Amino acid sequence: MTTRPSSGPRSVALPDAITVKGLSERLGISPIEAIKRLMTHGVMAAMNDTIDYDTAAIVSAELGIAPSREDSGGAVATAVREDEDESEDAGAPRPPVVTILGHVDHGKTSLLDAIRETNVVAGEAGGITQHIGAYQIERDGKAVTFIDTPGHAAFTAMRARGAQITDVAVVVVAADDGVMPQTIEAINHVRAAEVPMIIAINKTDLPAANADRVKQQLTEQSVVVEEYGGDVLAVPVSATTGEGLGALLEAIDLVSEIQELKASPERLASGTVVEAELDPRRGPLATVLVRNGTLRQGDALVSGLISGKVKAMFDERGERLREAGPSRPVRIMGLEDVPAAGDAIEVFESERAARRIVEQARREAESASGARRGHLTLDTLFHEVSAGNVKELLLILKTDVRGSAEAIRGSLQVLGTGEVKVKVIHTATGPVSESDVMLAGASGAIILAFNVRTEPSAASQAEINGVEIRTYDVIYQLLESVDQALEGLYEPVYERVVDGVAEVRALFRSSRVGQIAGCYVTEGTLLRGDRVRLLRNGDEVIDTSCSGLRRFQDDVREVQQGFECGVVLERYDAFEEGDLLEFYHQQRVN
């Protein structure tokens, strides 16, 4: 292996984005050597490709050259970054931030409303006039902040963006219904976020309630409550009668005390956007959770690529505030545009400094737009394991039926080697969804899809986030590919690429070809030479080939989105109105 010349630098300053050639020049090595070292970490980059700072720093450290981030933002930006690096442990205790998750019918909203109404100290029981997606209650002189997210997918989406927003997660399970598929998904999302979990067994006032059955079902998901010798608190509650709410708040207080949550109120504020919208009269509005420091009216701030100034600030009751300390949720006016949920909020010394930071961030985003993502794939697994960067291979498994899921999951978990352990963090039936991609992005997992399709929105999200989705229709091929990846013998497989989707809206009979499906193309382009999956109520009826495409009286090679056409399938003529036809081709994964 080529080594760094003795005359090379002992330290190097690297920007947030740099070309491979530029990196080689700064490190005093050839571009070929830089490319080779990147390849050992699973990064396939050419000489003129751009890589990020973290990747460049790894190569630098391997050569014995100490990397540091290049200062390109001025003195103010540097001072703020140093301030950000201070440990929160050095400050004063702050209130915990709690997110409540669970199955849609298990009383999550009712529980949130019941907890909100316990805030009698502020004299506002039932008097919330403005719901802002987050609120704070006070009990026995202690404040607790609750985040009202739309669900576990949004929860993990924020976590995937680096939003360290939640300190405690409460998973709600109905005592009369038990653990449901969405409950399991919520539990897996909490695990991926590495957040302490509390189980709230709701609806204990109903005649069919069976809390012991719920605890047993949780054990099957490796969630062992304290009564069964585990470390997860389980609290019986009733959002209807209010029974157990005090015990739930005490459990939250206990779990929070163990974490010793702290913040520094005297610092410049930093926080996270919980939700945001464009108000027709007041402009961009953002609900912000202050994570550290104190946010004040008039502060200049930055959120992503947006700057602004806090013109006005409101609490959950719509009352104006002049300042908000750590763990306090507030709605602010004054940003130039609508930020994204999960974006960080940072306060700067002046509006000028804030604008300068945004301009710098935009330039860096443009220069890094071509950077290669370093998300783990089966191709790069062996290199990462050999380099000691991976100790666990995390997988998300989606299958057509539960029987397949159980068989594949059991087989996967025995494939581990001495260097790496295989762990399936989530298993479910049905197509790969955006929620699955968010979970994979947050945890660094690979998605394995067996006999199921990937929703178009999920495929787009996976491409954006660098998440790998592998599709299989033979079990042994799925297991073999994972096993070979662990052993460094992996060869790329073929994956399904959807070209277009059409909906059957009318049926026609031809004496020559049989039944013809009158279709409307809803997505992409239909190609005559494609394979076609016919889906009915989400289930695959047949996977065959397209033997004919017609527009009016003409045979055509393709039909694009927004047009109508007639479709004839090989060996099939039992269409029904409402069927979906998924046109696809197999593409080799490199």
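This is a predicted model: local features need pLDDT of at least 70, side-chain atom pairs count only at pLDDT 80 or more; totals for chains, interfaces and linings use all residues.

Biologist: What is the mean pLDDT of the protein?
Modeller: Residues 72-89 stay under 50, and the model has 26 contacts for them beyond four places in sequence; a contact means heavy atoms within 4.5 Å. Residues 119-132 also stay under 50, with 30 such contacts. In the protein, 81% of residues reach 70 or more, and the mean is 80.

Biologist: How many helices and strands are there, please?
Modeller: Both are DSSP runs numbered from the N terminus: helices are H or I with at least four residues, strands are E with at least two. On that basis the protein has 15 helices and 32 strands.

Biologist: What share of the residues counts as buried?
Modeller: Buried means under 20% relative accessible area, exposed over 50%, and partly exposed in between, using a 1.4 Å probe and protein chains only. The protein has 590 residues, and the buried share is 49%.

Biologist: Why are H13 and H14 described as roughly parallel?
Modeller: Axes are lines fitted to C-alpha atoms, for helices over the stretch in contact, and angles run from 0 to 180 degrees between N-to-C directions. Angles under 35 degrees count as roughly parallel, over 145 as roughly antiparallel, 65 to 115 as roughly perpendicular and the rest as oblique. The axes of helix H13 (residues 434-443) and helix H14 (residues 456-465) come within 8 Å and cross at roughly 20°. H13 and H14 are therefore roughly parallel.

Biologist: Which residues of H14 do Glu434, Val437 and Met438 in H13 meet?
Modeller: This is a question about side-by-side helices, and the contacts give the reply. Glu434, Val437 and Met438 meet Ser457, Ala458, Gln461, Ala462 and Asn465.

Biologist: How are H5 and H9 oriented to each other, roughly parallel or roughly perpendicular?
Modeller: Helix H5 (residues 108-116) packs against helix H9 (residues 245-259) with axes 11 Å apart, at an angle of about 85°. In this pair, Leu111, Ala114 and Ile115 of H5 meet Leu245, Leu248 and Leu249 of H9. From the angle, H5 and H9 are therefore roughly perpendicular.

Biologist: What is the relative accessible area of Phe552?
Modeller: Phe552 sits in the loop between strand S28 (539-551) and strand S29 (554-555). Most residues other than glycine have a negative phi. Phe552, not a glycine, has a positive phi of about 60°. Phe552 is exposed, and its relative accessible area is 71%.

Biologist: Where does Arg571 lie?
Modeller: Arg571 has a positive phi near 60° and is a residue other than glycine. Arg571 is exposed, with a relative accessible area of 66%. Its place is the loop between strand S31 (564-569) and strand S32 (580-588).

Biologist: What separates the C-alpha atoms of Glu503 and Glu577?
Modeller: Glu503 belongs to strand S25 (residues 494-510) and is partly exposed, at 26% relative accessible area. Beyond four places in sequence, contacts of Glu503 include Gly578, Asp579 and Leu580. Glu503 and Glu577 are 74 residues apart along the chain, yet the separation of their C-alpha atoms is 8.0 Å.

Methods
Residues are numbered from 1 along each chain as its sequence is written. Side-chain values use heavy atoms; hydrogens and water are left out. pLDDT is the predictor's confidence in each residue, from 0 to 100.
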